[in-house]
Amino acid sequence: MEITRTFDLLEHLVNEYPDKKDILASKEKGEWVRYSTHDYYKYCHYMAYGLLEIGLQPGDRVITISNNCPEWNFIDMALAMTGIIHVPVYPTLSPDNYLHIFTHSGARFVLVSNNILLRRIRPALEKMENPPVVYTLAPVEGEHRTLEILKAGIASREKYSPIVEQLKENIKPDDWTTLIYTSGTTGMPKGVMLSHRNLCSNFLAHAKVNPMTSQCRVLSFLPLNHMYERSMNYHFQYKGCSIYYAENMGTIQQNLAEIHAHGFCAVPRVLEMVYDKLYAAGKDFRGLKKKIYTRAFKHGARYDYTLLKKVSLGYQLSQYFYERMVYRHWRERLGGNRLIVITGSSSIQPRIIRTFAAAGINIYEGYGLSETSPVIAVNNPVEGYVKIGTVGPVLSGVEVSFADDGEILTRGPHVMLGYYKDPEYTAQVIDSDGWFHTGDVGEFVSGLTGPRYLRITDRKKDIFKLSAGKYIAPQLLENKLRESEYIEQAMVVGENEKSVAVIISPNFNTLHYWALKYHMHYRDNEKLLAMPETKEKYKKVIDEINRDFAAHEQIKSFRLVADEWTSANGLLSPTLKIKRNILMEKYKGLIAEIYGHTQPASNSILSAFRSVELPNFGFSRKK
């Protein structure tokens with residue numbers, strides 16, 4: 001059957017995979033509870049009947065704030081088939097952001113997982129004159145439960161079954177179905193309106209480049225309220241894959257092993273942490289075992305998808321050796337199968353892609369935005385359409401062009417309906433010819449074979465000028481810096497200044513190991529960062545990175561900070577991108593110190609005359 005509305009997936013599943021016993025699963029009291037395709041179909045319809053029974057109508061907005069679980073899907077599909085707008089929201093926002101979303105969306109109901117999340121949103125609810133009605137998935141004393149909606153639906157199924165079938169019949173592919181509040185790195189979130197056609201055209205397009213089948217099991221742990229994980233959730237259902245929802249972020253490895261997973265979705269930071277843990281596991285080895293383990297990383301860093309048929313016999317023998325001695329043991333810790341990992345949100349370090357590929361873990365790096373439902377392009381390593389350093393070929397049905405300044409433009413059925421209650425800003429980002437202006441700068445590059453590949457070079461709004469008029473693309477530098485095992489996060493600065501500088505949050509796992517190796521003594525991380533040996537180490541790291549950049553782009557000074565940058569403390573977005581404005585404010589004193597200002601540099605051209613010549617810090621080109 002043709003899938004043009006998200007809830008068409010339910011008919012697709014019971015028709016194509018009628019014997020599937022675990023299309024969805026989650027853990028309850030330590031045991032996996034599985035739902036068949038018929039269970040899924042049934043619970044979604046009961047929930048739809050219940051929503052109408054409690055008084056909701058097509059066009060109403062309902063917010064969900066939930067951890068990943070099968071029930072999220074029951075609610076999502078029930079809302080879609082009744083024409084009620086689903087507003088999934090992050091469970092980690094600030095009270096001000098919650099207040100903004102509750103008020104701006106005009107939601108009538110909020111469905112929340114548990115008492116922990118209820119307490120988190122309570123301050124926002126208490127500030128509202130007419131707060132939405134709250135229902136909880138888990139039992140909370142004094143609160144309505146979503147179980148009541150389900151029971152109401154079961155009791156009234158004869159009354160509402162024909163009504164829901166008529167509503168489904170009347171819903172068109174171009175009808176609005178969901179409101180996504182973008183996480184953003186600045187300001188209040190904006191509401192992105194997406195239609196059934198937006199969602200379906202996109203997940204059907206990227207499902208074509210994924211070789212998984214109905215025999216595969218995937219683990220889901222990224223928030224389903226994010227459009228990327230949600231689209232993949234539909235994608236996996238379309239292909240009949242079994243979706244198991246992780247207990248929490250701390251049980252990912254355990255859950256992967258338990259279900260013998262074939263794949264999962266991740267953001268680059270998760271993969272970086274997995275890589276770091278694997279690398280750190282070798283520090284306790286000795287002798288020949290340590291040498292083999294270390295060389296397995298060096299071998300993996302040379303891996304290249306496009307040259308596999310041309311590599312030397314020596315490389316092939318080495319690949320076989322490290323597969324037997326190291327790589328298969330990595331996979332055993334993750335379930336034992338060769339894995340497909342889909343990643344997006346920000347760029348991933350090439351060494352991680354290469355090393356994991358050598359170990360039988362293929363990374364599909366892609367690119368998109370909430371406004372584009374979300375995927376625009378994705379690499380396809382299994383079929384050989386991959387170029388490391390790019391986000392892959394453009395999806396079928398998606399158009400991509402470039403503005404005169406290099407900004408990426410896209411057009412097609414994946415482009416949003418617009419921003420909720422904001423036609424002016426919608427008109428700014430979607431021009432009269434239907435092109436959506438992404439705000440990202442990029443280009444097409446060619447591979448040895450196959451299509452052109454899209455490469456992202458920076459965020460348009462992040463590019464800045466030095467006082468001499470030279471442009472700096474900070475993300476290029478930051479991505480290169482994060483390739484170093486000694487750097488966790490980095491923020492490049494220098495707008496209207498004479499040179500580029502960087503604030504670095506170190507990778508303390510690697511740094512502690514290095515300090516131990518050289519018998520360094522320190523009381524805490526602050527003392528470690530202040531030691532001359534540590535500063536000299538980072539000078540060498542930066543000096544090596546500078547070799548890849550033009551003279552005006554090279555980093556001339558840096559500062560190390562002991563602060564951890566996380567989404568929990570507000571320094572990273574929920575998708576783990578740096579919040580540049582917040583970091584600039586946090587470290588404005590440090591930036592002023594770097595450039596010799598008593599106050600942070602102004603945006604005025606006069607700041608160029610107030611700049612103080614900085615020492616070169618001894619960056620040389622000697623190895």
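Student: What does Asp8 touch, not counting residues up to four places away in sequence?
Tutor: This is a predicted model. In it, Asp8 touches Met1, Glu2 and Ile3. A contact needs heavy atoms within 4.5 Å. Asp8 is found in helix 1.

Student: Is Asp8 buried or exposed, and how do you know?
Tutor: The relative accessible area of Asp8 is 6%. Buried means under 20%. Therefore Asp8 is buried.

Student: How far is Asp8 from Tyr238, C-alpha to C-alpha?
Tutor: The separation is 9.8 Å. Along the chain, Asp8 and Tyr238 are 230 residues apart.

Student: Which residues of helix 1 are buried?
Tutor: Helix 1 covers residues 8-16, and its buried residues are Asp8, Leu9, Leu10, His12, Leu13 and Val14.

Student: What do the buried residues of helix 1 pack against?
Tutor: Their partners are helix 2 (37-53), helix 3 (70-81), helix 8 (196-207) and helix 9 (227-238).

Student: Why are helix 8 and helix 9 called roughly perpendicular?
Tutor: Their axes cross at roughly 65° and come within 9 Å. The class runs from 65 to 115 degrees. So helix 8 and helix 9 count as roughly perpendicular. Their crossing is right-handed.

Student: Which residues make the contact of helix 8 with helix 9?
Tutor: Helix 8 supplies Leu199, Asn202, Phe203, Leu204, His206 and Ala207. Helix 9 supplies Met227, Arg230, Ser231, Met232, Tyr234, His235 and Tyr238. By class, that contact has eight nonpolar, four polar and one charged residues.

Student: What makes helix 2 roughly perpendicular to helix 7?
Tutor: The axes of helix 2 and helix 7 (residues 157-170) cross at roughly 100°. They come within 9 Å. The angle falls in the 65 to 115 range, so helix 2 is roughly perpendicular to helix 7.

Student: Which residues of helix 2 and helix 7 make the contact?
Tutor: On helix 2 they are Tyr41, His45, Tyr46, Ala48, Tyr49, Leu52 and Glu53. On helix 7 they are Arg157, Lys159, Tyr160, Ser161, Ile163, Val164, Glu165, Leu167 and Lys168. The contact of helix 2 with helix 7 divides into nine nonpolar, two polar and five charged residues.

Student: What is the phi of His260, and why is His260 called partly exposed?
Tutor: Phi is about 50° at His260, positive although His260 is not a glycine. His260 lies in the loop between helix 10 (252-259) and strand 12 (263-266). Its relative accessibility is 42%.

Student: What is the phi of Asn496, and is Asn496 buried or exposed?
Tutor: Asn496 also has a positive phi, about 65°, and is not a glycine. Most residues other than glycine have a negative phi. Asn496 sits in the loop between strand 23 (487-493) and strand 24 (500-506). With a relative accessible area of 16%, Asn496 is buried.

Student: What makes Ile259 buried, and what does Ile259 touch?
Tutor: Ile259 is in helix 10. Its relative accessibility is 4%, so it counts as buried. Not counting residues up to four places away in sequence, Ile259 touches Trp32, Arg217, Val218, Leu219 and Tyr244. The C-alpha atoms of Ile259 and Leu219 are separated by 8.2 Å.

Technical notes
Residues are numbered from 1 along each chain as its sequence is written. This is a predicted model: local features need pLDDT of at least 70, side-chain atom pairs count only at pLDDT 80 or more; totals for chains, interfaces and linings use all residues. Side-chain values use heavy atoms; hydrogens and water are left out. Helices (H or I, at least four residues) and strands (E, at least two) are DSSP runs, numbered from the N terminus. Buried means under 20% relative accessible area, exposed over 50%, partly exposed in between (1.4 Å probe, protein chains only). Axes are lines fitted to C-alpha atoms, for helices over the stretch in contact, and angles run from 0 to 180 degrees between N-to-C directions. Angles under 35 degrees count as roughly parallel, over 145 as roughly antiparallel, 65 to 115 as roughly perpendicular and the rest as oblique. A crossing is left-handed if the near helix is turned anticlockwise from the far one by less than a right angle, and right-handed if clockwise. Ala, Val, Leu, Ile, Met, Phe, Trp, Tyr, Cys and Pro count as nonpolar, Asp, Glu, Lys and Arg as charged, and the others, Gly among them, as polar.
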